[in-house]
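Dear colleague,

I am passing the structure below on to you, together with notes on what came out of going through it. Please read the notes alongside the coordinates.

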Amino acid sequence: MNPAADPPRSGSPPPLLEFHDVTVAYGRRPVLWNIDLVIAAPCLFGVIGPNGAGKSTLVKAALGLVPLAGGSIHFFGRPFAAVRRRVGYVPQRESVDWDFPVTATDVVLMGTYPRLGWFRRPGSRERTLARECLARVGLADVAGRQIGRLSGGQQQRVFLARALAQEADVYVLDEPMAGVDARSQDLIFRVLADLRAAGRLVVVVHHDLRSAAEWFDRVALVDMRLVATGPTADVLTAENLQRTYAGRLDVLDELGRAVAGRGRTT
Amino acid sequence: MTLAAGVSYNTLVVVAGVAAVGFAAGVVGSFGVLRRRALAGDAAAHATLAGVALAFLATGRRDLPVLLGGALVAAIAALGALVLVRRVARTRDDAATAIVLGVSFGLGIALVSGITARGIPGGAGLEQFLLGHAAALTAADALLLAGASAVAVLVVVAGLKEATLVSFDPAFAAATGWPVTLVDYALVTLVAVMVVVGLPAAGAVLVTALVVIPPVAARQWTDRVPTMLPLAGGFGLASAVVGVALSAAAPRLATGPLVVLVAAAIFTASFFFAPRRGWLARRREQRAVEGVWTRGRVLAAAAAPAGEGFLRHEIAARVAGVDAAARRRFDGAWLALVREGALVPARPAATGPADPAGAGGRWRLSTEARGRAADWSRRMRAWDEIVRTRPADARTSLTIDLPDPGTIFRDDATRPPH
Amino acid sequence: MRRVPLTDRAVRSHRLSAVCPRHPGNQIVSLLTLLTEGGGMHAWAIATAAVVAAGASLVGSFLVVRRMSLLGDAISHAVLPGIVLAVLAGGRPGGPLVLVGAVAAALVTVWLTRVLRTAGGIAEDAGTGVAFTTLFALGVVIVSAAASRIDLDPACVLHGVLELVPFDTVPIGGVEVPRAFLTAAAVFVVLVAAAIATWPLQVFTAFDAEAAAVAGVPATAVTTGLLVATALATVAGFEAVGAILVVALLVVPAASAELVTRRLCWMVPVAILFGVAAAVVGYLAAWRWNTSAAGMIAVVLGAGYGAAVVLAPEDGLLARLRSRGGFRWRVVCEDRLATRWRQEERLREPSAERAGAGGRGSLPADATPPPGLGDRVADLWLLATGRLERPAGAGLRLSARGRDEAATVVRSHRLWEAWLGRHADVPLDHLHPPAEWIEHHLGADVRRRIEAEVAPEGSDPHGRTIPPES
Amino acid sequence: MFFESSKTPVWAVVATLVVAALRPARCPAEPALPRVMATTSVVADLVRQVGGDRVVVECLMGAGIDPHSYRATPRDADRLSRARLVVASGLHLEGKIAELLSRLARRTPVVAVADRLPRERLLPVSDELFDPHVWFDAALWSGCVPPVRDALAALDPGGADAYRAHADAYVRRLMTLDERVRARLATIPERRRVLVTAHDAFRYFGRAYAVEVVGVQGTNTESEAGLADINRLVELVASRGIPAVFVETSVSDRNVTALREGARARGHAVGIGGTLYSDSLGGPGSGAETLEAALEANVETIVRALAGGDAPP
């Protein structure tokens, strides 16, 4: 983070990410209802909820991809448009044409383009950075392969590497684990944990409760409204989950045990 | 033959022929549009030139049936190539269409030029076949058009279920044992027949237009295939009748293009005014969503302070914060409330003439607006409770303008706490 | 060069091709002679076509990967109203005002298509179809209504005539350069400069417009730039070589290049190269068969695309056939090696044979059918590659390397049988066929994992030894 | 000469060297006659009549080709570059080619014959444009002979006398033809002397020989007719009792067919009077290879169709 570029308005620094009274509607149907959420400090933050709960809409709203019916969202106390270079985004995999003729390295290099701006081309610094980022996600050996020839997990890791190359302060990932093999999932989580350790905020839309309990520091449980937010163990309680997933979840007990087990070890 | 007063024989023939093409093209074209192959018909139309030239070379004659036969074979071959390219190469649909179009038309030009340059008798002007002469339809043309159109429509109606399935989800159709390729080819052949039959009557561009514009317009009005087909057909038919009538009314207005322009006008109306997908409807919806919501919140915020009234920027800060978009929504809502008379200057004498957007003076809620604000806050609290405790109910019944939950659930448990 | 009176020279070379047209050498020679004839007249036409092709292929590469291939076709029709209005406003066909009108109409088309998509959610192809047919119809109506005031062929205004390009020249430094060539070259230079300058942003936006927008790439400006470039390249192309050819040149080279290469930064030069080559070959072919050059170039482009579909190194039909055939060949070779290994095994430890025979009767695995033709060829290949050897005075036998490979195949086979026997509850005599197939697919770590799970004791359900990993 | 002044591109020179090495022995050149390129078959005939056997006349758009739908081939470029004189019809008949020809004039003499006719004798179609189909008015067409004669004389001064002789003879023949045509057409009763054709190529013919001329399409063959135009013609044909309409060699007959059907529906049978030569002459063996023959053929066709039998009142 670069505090000099973003002087705090009043005393304490503004929160990294803040949702204020956010309501989003598709047509007349609200998908998000009065969301108030503040993430003050760097952490590995999970956005959890059942299918259709509005998880992806939440981050899309933050990135200005869907219009708000009401409320406001700020990064570093400022609107997203003013700080977009400091936010790295990993979209859902379906949004991309995998036949597109680019290699893994090309995709990662794209992360440096916004910084380069018009009329400048990536130089050796950018190339080195791209190589490093690919290596961090364990893909150094497929750097020259066309993007469509990678497995789902590898494609997701390439996207992650692209966000890394952006050298952002906040990373937003939309369902990065969908259609991803166990090895890739593990690796992605490790990279995210490293980012958190380096003082970045990482916001992940996620659907798997078990790995959520294992990896996230803090989570927001979303089901149209914000059901609960806070440290993972406090939020993923049987009661909260029961309320959110009401009858949709058979693994509740198992999950309860997982959370309890984690609570003991930490 | 009895003629309606004032309508000439030629007008009737042209109306009949073009209307038949318009209706059938709309119906057949619907699947092309749904399958994202709207311009396949265009490719087929351009490919016919090569077919015409080859038919002439093979037979040495230029009778219409011979040339039509060649054109039909070429159109089917071109569309077959389109389907084939999709299967054997990883070229995208749009590129495949453009390739088939460009190359087959180029081949046609090369053949026609070669024929002309060699001075083969009767070979000149073969490409006139591609030009439309809608005004010059004869009764035989109209019969052919009507017959082919009827067959095409019947085939589509008979295979409606299969065509819908294959267009919507080819993977599922294939997995459940439907012959996707066969259905695909059948649809494509129908388009080819429509194009070839329509060509001499209408010309390449008009045929393309009739295959594309009415279905796209119809799509704006409905989300169901069984409704879309007759609607598209109806639009095509209406364009034909109105276009022909216009062309008959004034001299020197080419018939075919007028039909296209009428279809385009229908499309434009659909684009803007269709009830749900229309541009106006969407925009109004978006505005309404923002407006209803923000007005409610402004009212609720304004109801809170008592006594001296409130300053505009106080409410703005509470409702919208510093976000520019939120400020814009707030401005709209504020203005609307002032217009409605819900917000009134607290001390008119002190603030001078009413200044709706003015930031200076203090404001207060009218008595009626106080009631509204209280009602809105009550409903808001009620829905909050429902969203929290019974999310499934909220999901089915909650809309952005906050209907009174009491009228929906008739269930005392959801009555808001007072 | 010696100045030969043009007429004589031309007559001679003309006769040359007429004397013995069947002789292939003469055909090539007369085609090459073309390039110099009449002061390089055909050379200039070809050069013009090549420059247009290069520009169109460059822009077309982006259109193809962004699924906007049909823009060229759309523009070729939609420029009509622009041209007509420009002529009505006093422009001369081929003059600057008409060019401006055409570009403006082209921009209206692409703008309409985009508005229909972004504001109305109408698919790109359908929106294109709506936009260009409407504009074209508008143009025709204006022409027919104003036919008495202007003499304008809807078809011929936009068709430059490539063959006649060399007759319309301007002198530059003493060289008569065709006007169309100059225009096309200028446009090409502009396009190349723009492409180099905005390359990274173009690529990002084309690949993933949403992510690009989120990351701060001015996606709208980038796309608008591409569309302006398309309109420019297309209209300049119409003026030089005609509409049909531009439609084909925009898309076919790019689509072919995409089949051959998997990187955009290679795709563009390959497309340009292909477009230029097609321009040259197509023009010469048109001369040879006395027909329209634009048509022939389009046909050559089509043939090139067909060749790319068949011959592309990774995705081509041939490559796919070969990789399928290559796998079959490997199966044959591995089966030969395994057969010999099992023969050696039987000689080494006859007990294995008995154990198997005592189980469930005959074992198809080790029954050796007489070698077929394919097997004999495979033996020769294996011998040549050193996996079989033929010691003096003896028959063929496994070499050390061949023995290792054979052991791996047999190991895969028997491990799989063991795994199936344990997990799938398959009768013993049904174990063989799946194993016979899977033995060619298993990798080393899979084998190790199966071994750890099912056969640490080192024998298969038939009681035979599973060879260790080599 | 076209490219005498132009330099050859470098790569063309390289190609020449390669070719020079490969080039087989060739036949010795024979003395060549000046080549003249005419754009249409009508103009080609004019040049042949004046040039006689002192020039070789080539024709860009051969018999039966509608100038509006002409497409060039590389061989056409060869022929154009060989030509030492280009003769065009002019008045924008050649469309896009006309633009090109005007630029060509910088290096090769180009004569657009109809452009030289006095403006007051032309039929305007707009403020600046005139109907280009001047050739079926024989007297008017004779005005196109002198420009060709002068251009040929400039090209080949040695043959100037011959060209003058040919030209004078041709003009005399055209004037006689003019008289003959007028007399022949006068045999048609004036009320029925109406020529209905696919497109407007006979307005000069009509003016010269007192024939009322109506075309379904305008002067341009590629614009599309409107329904109102067809209806108007049907009305005209039926109400005037016109016995026959005509088709043209180089233009689609769809409009004429529709016209006949419409008239038949009004209870008036209209015959096809025959095929007229309009934008191009007949091919070899057609008996209408020259303008004179084509004009006479047209007149015979018209007279046969319109004069014979009794038309309904």
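Chain C contains 18 helices and four strands, where helices (H or I, at least four residues) and strands (E, at least two) are DSSP runs numbered from the N terminus. Of the 470 residues in chain C, 53% are buried; a residue counts as buried if 20 or more other C-beta atoms lie within 10 Å of its own, as exposed if 12 or fewer do, and as partly exposed in between, with C-beta atoms placed from the backbone. Among the contacts in chain C with a separation of 6 or more, 67% are between residues 24 or more positions apart, a contact being two residues whose C-beta atoms, placed from the backbone, lie within 7 Å.

This is a predicted model, in which local features need pLDDT of at least 70 and side-chain atom pairs count only at pLDDT 80 or more, while totals for chains, interfaces and linings use all residues. Residues are numbered from 1 along each chain as its sequence is written, and chains are lettered from A and ligands numbered from 1 in the order in which they are written.

On confidence, the predictor gives the complex an ipTM of 0.79 and a pTM of 0.78. Chain C averages a pLDDT (the predictor's confidence in each residue, from 0 to 100) of 79, with 82% of the residues scoring at least 70. Residues 1-22 of chain C stay under 50, although the model has 31 contacts for them beyond four places in sequence; residues 353-366 of chain C are also below 50, with 19 contacts beyond near neighbours in sequence. Where pLDDT is low, the predicted coordinates should not be read in detail. For chain A the mean pLDDT is 81, and 88% of its residues reach 70 or more; confidence in chain A is lowest in helix α10 (residues 252-265), at a mean of 52, and highest in strand β7 (residues 201-206), at 92.

Turning to the interface between chains B and C, 43 residues of chain B are in contact with 48 residues of chain C. On the chain B side, α4 (93-117), α9 (204-221) and α11 (255-273) each supply at least two residues, and α4(B) gives the most, with 16 residues. That side divides into 30 nonpolar, seven polar and six charged residues, where Ala, Val, Leu, Ile, Met, Phe, Trp, Tyr, Cys and Pro count as nonpolar, Asp, Glu, Lys and Arg as charged, and the others, Gly among them, as polar.

Not counting residues up to four places away in sequence, B:V191 touches B:V28, B:G32, B:A40, B:G41, B:A44, B:L79 and B:V211.

In chain D, the buried residues of helix α6 (residues 145-155) are D:V145, D:P147, D:V148, D:R149, D:A151 and D:L152. One of these, D:P147, is in contact with D:R116, as is D:C144, leaving aside neighbours of D:R116 within four places in sequence. D:R116 lies in the loop between β4 and α5 of chain D, and counts as partly exposed because it has 14 C-beta neighbours inside 10 Å.

With best regards
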